[in-house]
Amino acid sequence: MRWYQQNFRPSMLGDEPKSIVAVFAICAETEQEADAAASSLDLSLLLLEKGRGMNQQGFPSVGKAARYPYTDYDRHRIEANRTRMIVGTPEQVKTQMLDMSERYNASEMMVVTLIHDFGTKLKSYRLLAEAFELGGSHAE
C-alpha cells in the first residue's frame, strides 16, 4: 500500500492515489458477545485452511464452534487469524478501524462480517454504523 501511494502517478483515472482496506469486523454490545459471534468465523477459517471449507450449511454456528475438538495447533491458528479481524464493542471496533485506516492511509474501509447468525450479523453492522454516526437505520 505504501509503495503504491508513494509511486502513484496521476492519470486519466485519477489525480491522487485511492486506497481501500477490507477487514473482517464483528461488533457486539459486549466483548464476550463479539468473541462468541467471531467463533463462527474462527472455525470457518480453520476448516478452510484444513481443506474442509464451506459446505451447504454455510458458516458454522456458535454452538458448533464451541463443541469443535480444537487441538493446540488449531488454537494457535485461530489466534493468528484473529490478527486479521477486528472484534469487540462498538467503541473498540471503531478505534481499531480508525487506527488501521491511519496506518494504511486508506481513503476507504470495507467491512466484512462473516458469521453464522444473520440477526447477529445485522446487529454488528448496525452497531458499527451507529459508532461511526452513519445515517439512518436501514439494517433493521
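Which residues form a nonpolar patch on the surface? Met-1, Trp-3, Tyr-4 and Tyr-104 do, and together they have about 450 Å² of accessible area. Patches here take residues with over 30% relative accessible area and no salt bridge, joining like charges within 9 Å and nonpolar side chains (Val, Leu, Ile, Met, Phe, Trp, Tyr) within 5 Å. Areas come from the Shrake-Rupley method with a 1.4 Å probe, and for residues only the protein chains shown count as cover. Tyr-104 belongs to helix H5 (residues 90-104) and is partly exposed, at 37% relative accessible area.

The model is predicted, so local features need pLDDT of at least 70 and side-chain atom pairs count only at pLDDT 80 or more, while totals for chains, interfaces and linings use all residues. Numbering runs from 1 along each chain as its sequence is written, and side-chain values use heavy atoms, with hydrogens and water left out.

Now for the overall layout. The protein has 6 helices and 3 strands, in the order α-β-α-α-α-β-α-β-α from the N terminus; these are DSSP runs numbered from the N terminus, with helices (H or I) of at least four residues and strands (E) of at least two. The C-alpha trace spans about 55 × 35 × 25 Å along its principal axes. Of the 140 residues, 36% count as buried, meaning under 20% relative accessible area, with exposed set at over 50% and partly exposed in between (1.4 Å probe, protein chains only). Taking contacts between residues at least 6 apart in sequence, 66% join residues at least 24 apart; a contact means heavy atoms within 4.5 Å.

On to the inside. The largest nonpolar core has 12 residues, including Phe-24, Leu-41, Phe-59 and Ile-115. Such a core is a set of buried Ala, Val, Leu, Ile, Met, Phe, Trp, Tyr and Cys residues joined through side-chain atoms within 4.5 Å. Strand S1, helix H2 (31-49) and strand S2 (85-88) each give two or more residues to this core, and H2 supplies the largest share, 5 residues. Leu-41 touches Phe-24, Ile-26, Phe-59, Met-85 and Leu-114, leaving aside residues up to four places away in sequence. A second, separate core of 11 residues includes Ile-86, Val-93, Ala-106 and Leu-128.

Ser-19 sits in the loop between helix H1 (2-7) and strand S1 (20-27), yet counts as buried at 4% relative accessibility. Beyond residues up to four places away in sequence, Ser-19 touches Met-1, Tyr-4, Gln-5, Asn-105, Ala-106, Ser-107 and Glu-108.

Helix H6 (residues 118-131) buries Lys-121, Ser-124, Leu-127, Leu-128, Ala-129 and Ala-131, with cover that includes S1, H5 and strand S3 (108-112).

As for charges, the structure holds 7 salt bridges, each a side-chain nitrogen of Lys or Arg within 4 Å of a carboxyl oxygen of Asp or Glu. One of them pairs Glu-130 with Arg-126 (3.1 Å, N to O); both lie in H6, 4 residues apart, about one turn of the helix. Another joins Arg-82 to Asp-42, with the closest N and O atoms 2.7 Å apart. This pair links distant parts of the chain, Arg-82 in helix H4 (residues 72-82) and Asp-42 in helix H2, 40 residues apart. Arg-82 is partly exposed at 22% relative accessibility, whereas Asp-42 is buried at 6%.
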